[in-house]
Amino acid sequence: MTQPWYTRHMPFFFLTFLFAPLTLLLLVWRWEQFDGHERGVKLFFAIGMTAFIVFGLLPRGSLPVILPVIGLLIALKLVLSLIKRKTG
């Protein structure tokens, strides 16, 4: 299985540095395309940068809006993967 261009090391680093929440969602969305070690490293870096942006750079009061959105998108991915697994 070939990896998308944004999952290679340098593009992933720049995407995570500039758009950390988006990169975290892309990582969760393409979870099956990573092996165990690479998945852990990329997930750690994406969560760290997302936490830095959410807690350090965004205005106070935006956390209750951002966390449910990220949580809902991750839940949507899990539901879609369960439906895909049941149908075939």
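Me: Which helix gives the most to the nonpolar patch?
Reply: Helix H4, residues 63-87, gives the most, with seven residues. Keep in mind that this is a predicted model.

Me: Take Val79. Where is its place?
Reply: Val79 sits in helix H4.

Me: Why does Val79 count as partly exposed?
Reply: Start with the cut-offs. Buried means under 20% relative accessible area, and exposed means over 50%. Partly exposed is in between. Val79 has 44% relative accessibility, so Val79 counts as partly exposed.

Me: What share of the protein chain counts as buried?
Reply: The chain has 88 residues, and 27% of them count as buried.

Me: How many helices and strands are there in the protein chain?
Reply: Four helices and zero strands. Read from the N terminus, the elements run α-α-α-α.

Me: At what angle do helices H2 and H3 pack?
Reply: Two things describe a packed pair: the angle and the distance between axes. Helix H2 spans residues 20-29 and helix H3 spans residues 36-57. They pack at about 150°, and their axes are 8 Å apart. That angle makes H2 roughly antiparallel to H3, because angles over 145 degrees count as roughly antiparallel.

Me: Is the crossing of H2 and H3 left-handed or right-handed?
Reply: The H2 and H3 crossing is left-handed.

Me: What does the C-alpha trace span along its principal axes?
Reply: The trace of the protein chain spans about 45 × 30 × 20 Å.

Terms used:
Residues are numbered from 1 along each chain as its sequence is written. This is a predicted model: local features need pLDDT of at least 70, side-chain atom pairs count only at pLDDT 80 or more; totals for chains, interfaces and linings use all residues. Side-chain values use heavy atoms; hydrogens and water are left out. Buried means under 20% relative accessible area, exposed over 50%, partly exposed in between (1.4 Å probe, protein chains only). Axes are lines fitted to C-alpha atoms, for helices over the stretch in contact, and angles run from 0 to 180 degrees between N-to-C directions. Angles under 35 degrees count as roughly parallel, over 145 as roughly antiparallel, 65 to 115 as roughly perpendicular and the rest as oblique. A crossing is left-handed if the near helix is turned anticlockwise from the far one by less than a right angle, and right-handed if clockwise.
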